Amino acid sequence: MTEGPLLSVRGLKKHYPIREGIFNRRVGAAKAVDGISFDIAPGETLGLVGESGCGKSTAARSIVRLEEPTAGEVVFNGNGRAGATRNPDGTHPNDVTRFGDAERKAFRRGAQMVFQDPSSSLDPRMTAGEAIGEPLRIHGMDDRRRRRAIVEDLLERVGLSTEEFDRYPHELSGGQRQRVALARALALNPDLLVADEPVSALDVSVQAEILSLIDGLQEEFDLSLLFISHDMSVVRRICDRVAVMYLGEIVEIGPTDDLFADPRHPYTEALLSSVPAPDPRSTVGGIELPGTVPSPADPPDGCRFHTRCHRVIQPDGIDIDQSDWRGLLNFRDRVLAGDVDVGRVRENAVVDEAGDPSADRGANGTAGDAAVRAELRREFDIDGRIGDPGVEAAVEEAIDRLLDGDDEGAAALLSERFTTPCEEATPERTVHAEGHASTCLRHASERTAAPDRTDD
Ligand code: ADP
Ligand code: MG
């Protein structure tokens with residue numbers, strides 16, 4: 001008999017309302033998690049990676065129901081609960097998001113969470129022993145001696161000794177505190193551990209120790225693990241599969257080896273290019289991931305990654321150097337946002353070129369138009385002539401308008417002439433290989449007709 005997944009997440013969303021004004025009116029929503037789907041098999045480790053602000057912690061908290069999800073389903077089949085049959089109304093009897101209080105308490109036994117910072121997740125007034133034993137007490141184990149025996153056993157399993165039993169968090173090192181947090185999470189013998197950046201707050205020297213510990217415990221306790229990290233090299237070490245998250249969505253998911261060897265989403269590529277590879281020949285190398293994750297309150301249209309993507313698609317009729325295309329779109333977006341201040345560029349250009357006798361000077365010693373033009377093009381990495389004369393002329397025309405103070409005219413020209421399919425179409429999921437899928441418009445032509453099992 002094949003076993004089903006332990007955890008099945010479908011279309012999970014968590015939107016935080018944004019309120020304003022004296023009536024506290026809802027004016028929008030931060031779509032921190034915006035429809036993610038994945039499975040975790042019994043005993044499997046799934047990594048969830050992405051830059052800070054992508055929604056990883058929100059996803060974790062929504063799955064264990066420390067937060068109320070906005071939409072979606074989280075089916076947990078732990079503790080031998082029956083799996084596949086749905087209720088007549090289509091809901092699932094094991095949907096965590098619909099659990100009442102009693103079911104929720106039972107669920108808490110089966111799914112535990114470990115946080116990044118053990119100093120804030122542990123009560124400073126509780127000794128290590130008390131902290132580890134507390135879940136046992138809450139879940140009805142009244143026999144003190146039995147509790148103590150279990151706690152001592154757990155202490156040993158996480159590499160501490162009975163000496164630490166009576167220590168308070170402030171008397172322990174960061175690594176020891178995280179060991180206590182792990183022991184506490186394991187006290188009720190859960191099936192699933194959700195670990196949110198469990199080593200990110202620790203000294204580099206103890207990170208490896210705690211990672212090995214988690215790895216060992218997972219095996220020993222036969223745990224499924226959702227392991228959250230922003231560090232690709234950590235994920236590579238510990239995970240069977242990896243899900244890459246960007247701005248509330250999963251953009252790529254696949255078996256770890258497959259995903260590292262053959263990343264199919266540009267965002268994954270960019271994340272990987274900053275990781276020193278064990279085999280230097282396989283490094284993607286040097287892909288710039290400029291800026292930060294845009295606000296989830298106003299995500300970019302189409303593919304949410306298009307504003308930072310080095311592979312952003314050129315439309316029919318344009319075929320220029322890809323880095324020029326990226327620079328050109330950056331220029332367009334900054335002009336559209338009203339962020340290109342020619343006056344300021346003029347002032348700065350003077351400073352930059354003070355030592356350059358060939359610098360073009362306008363009135364009062366400020367930089368002349370040619371210097372400003374050069375500076376602008378340098379800033380957006382389109383300083384060479386662009387290969388397509390029509391495109392080159394349009395860029396020059398836009399800069400002319402900026403120099404004339406006609407910012408709106410420049411914005412209109414750029415937005416009319418230069419658009420990418422990536423902002424017009426929302427990419428769908430493409431399956432590349434067994435269990436390896438990504439969401440990028442470039443793969444639209446290779447998409448398989450059959451909808452994937454984990455699609456929502
Ligand atoms: P990550 O763990 O990947 O760094 P988070 O899940 O912490 O990301 O945050 C995702 C986004 O949701 C961020 O833009 C963050 O500002 C926003 N966010 C997180 N928690 C809240 C909250 N309680 N209220 C409003 N916005 C939130
Ligand atoms: Mg986080």
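A residue counts as buried under 20% relative accessible area, as exposed over 50%, and as partly exposed in between (1.4 Å probe, protein chains only). In this predicted model, local features need pLDDT of at least 70 and side-chain atom pairs count only at pLDDT 80 or more, while totals for chains, interfaces and linings use all residues. Residues are numbered from 1 along each chain as its sequence is written, chains are lettered from A and ligands numbered from 1 in the order in which they are written, and side-chain values use heavy atoms, with hydrogens and water left out.

Y246 and F305 are both buried. They form an edge-to-face aromatic pair, 5.0 Å centre to centre, with 80° between the planes. Rings of Phe, Tyr and Trp (its six-membered ring) pair if their centres lie within 6.5 Å; planes under 30 degrees apart count as stacked, over 60 as edge-to-face and the rest as tilted. Y246 lies in strand β8 (residues 241–246) and F305 in the loop between α10 (266–273) and α11 (322–336), so the pair ties together parts that are 59 residues apart in sequence. Helices (H or I, at least four residues) and strands (E, at least two) are DSSP runs, numbered from the N terminus. The structure holds seven aromatic pairs. Ring pairs also link F76, F99 and F107 into a cluster.

Ligand 1 makes polar contacts, pairs of N or O atoms within 3.5 Å. A polar side-chain atom of K56 lies 2.8 Å from a ligand 1 oxygen atom. For S57, a polar side-chain atom is likewise 2.8 Å from an oxygen atom of ligand 1.

Conventions:
Polar contact = N/O pair within 3.5 Å; in protein donor to acceptor, adjacent residues only side chain to side chain.
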